[in-house]
Amino acid sequence: MGSNVIPMPVHQDGVVYVASGHRQPAMLAIQLDKAKGDITGTDAVLWSIAENTPYVSSPILYGGRLYFVKNRNAILSSYDPKTGEPVFGPTRLKGMGPIYSSLIGVGDRIYISDLDGNTLVIKNSAQFEELAMNKLDEGIAASPVAIGDELFIRGHGHLYCIATASN
């Protein structure tokens, strides 16, 4: 998994997805009930990839797809979590800088924030579709959090709450 594994593993249906994008890029889908001891070369590893994997941000399992960015770069990929086959990507996210925060899913959308203060909103879909690009006056390294109808984003100096205006 490389020398500096930072992304948090994600789990669904008895499978854990682990990733590292530092020096030896890797992502593995591991069947937990088969994972005993050294699982190298065993059927506990359902699939693996060795490119375009995240270094800092954690992947997200959302809407039947696994989404992640390459290293700290604004290059997004989506995979089928069951087969390890690409759904789309790698796709360069135009206008985005380095990405440290984890992706989040809300409704039919995926939110991706960068160190330059941008938050890209894409459709949770089998095809890459940009819905919006939003910009704050400060960078974003922390992962956004959605609570109800509110989106909280911690910038370098402020905490923002973004919500629909009430009538």
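Predicted model: local features only at pLDDT ≥ 70, side-chain atom pairs only at ≥ 80, totals over all residues.

Reader: How do strands hold together in a sheet?

Author: Strands of a sheet pair through backbone hydrogen bonds, either parallel or antiparallel. Here a strand is a DSSP run (E, at least two residues), numbered from the N terminus. Two strands pair if DSSP finds at least two bridges between them.

Reader: Which strands form the open sheet, and in what order?

Author: The order is β5-β6-β7-β8, with antiparallel pairing. β5 (60-62) and β8 (86-92) are the edge strands, each pairing on one side only. From one strand to the next, the twist averages 15 degrees (axes are lines fitted to C-alpha atoms; angles run from 0 to 180 degrees between N-to-C directions). Between β5 and β6 (residues 65-69) there are 3 bridges. Ile60, for one, has Tyr67 as its bridge partner in β6.

Reader: What are the pairings of β3?

Author: β2 (residues 15-20) is joined to β3 by 6 bridges, antiparallel. These two form a hairpin with 5 residues between them. In the turn, Arg23 has a positive phi of about 60 degrees. β3 also pairs with β4 (residues 45-49), antiparallel, over 4 bridges.

Reader: Is β3 buried or exposed?

Author: Buried means under 20% relative accessible area, exposed over 50%, partly exposed in between (1.4 Å probe, protein chains only). In β3 (residues 26-31), 6 of the 6 residues are buried, so the strand is largely enclosed by the rest of the structure. Both faces are covered. Ala26, Leu28 and Ile30 lie on one side, and Met27, Ala29 and Gln31 on the other.

Reader: How many residues line the largest pocket?

Author: A pocket is an open set of points on a 1 Å grid over the protein atoms alone, where a 1.4 Å probe fits, with protein on both sides within 12 Å along at least five of seven lines; lining residues have an atom within 4 Å of a point. The largest pocket has 18 of them. Nearest its centre are Arg109, Tyr111, Leu151, Ile162 and Ala163. Elements giving two or more residues to this lining include β10 (109-113) and β15 (159-163).

Note on methods: Residues numbered from 1 in each chain as written. Heavy atoms only, no water.
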